[in-house]
Amino acid sequence: MPIVWIVLLGLVVWAVVRLTQHSPGRDSGPPGPGWQSRETPEEILDRRFASGEIDADTYTEARERLAAHRPKPP
């Protein structure tokens, strides 16, 4: 019976090491769902307008507000 537990523990350790190991030459694939690039407010607005979440009037008004509150370059 102790041999079964040793084999089971060995398999668990092997699985954990295998899943957490990252080989240097291996492509890790696309970023996971927790990673996202930082979108500007204008990009978010453009995406929402393109997907149909907001109408043209709301889009235009929001664009004007964003332009009015955009910091001026020095």
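Reader: Is Phe49 buried, exposed or partly exposed?

Author: Buried means under 20% relative accessible area, exposed over 50%, and partly exposed in between (1.4 Å probe, protein chains only). At 35% relative accessibility, Phe49 is partly exposed. Keep in mind that this is a predicted model, where local features need pLDDT of at least 70, side-chain atom pairs count only at pLDDT 80 or more, and totals for chains, interfaces and linings use all residues. Residues are numbered from 1 along each chain as its sequence is written, and side-chain values use heavy atoms, with hydrogens and water left out.

Reader: Happy with that! How many aromatic pairs does a search of the whole structure find?

Author: Rings of Phe, Tyr and Trp (its six-membered ring) pair if their centres lie within 6.5 Å; planes under 30 degrees apart count as stacked, over 60 as edge-to-face and the rest as tilted. Here the search of the whole structure gives 1 pair. Phe49 and Tyr59 have ring centres 4.4 Å apart and planes at 25°, so they are stacked. Tyr59 is buried, at 19%.

Reader: Which helices hold Phe49 and Tyr59?

Author: Helices (H or I, at least four residues) are DSSP runs, numbered from the N terminus. Phe49 sits in H2 (residues 41-50) and Tyr59 in H3 (residues 56-69), so the pair ties together parts 10 residues apart in sequence.

Reader: At what angle do H2 and H3 pack?

Author: Axes are lines fitted to C-alpha atoms, for helices over the stretch in contact, and angles run from 0 to 180 degrees between N-to-C directions. For H2 and H3 the angle is about 175°, with the axes 10 Å apart.

Methods. Helices (H or I, at least four residues) and strands (E, at least two) are DSSP runs, numbered from the N terminus.
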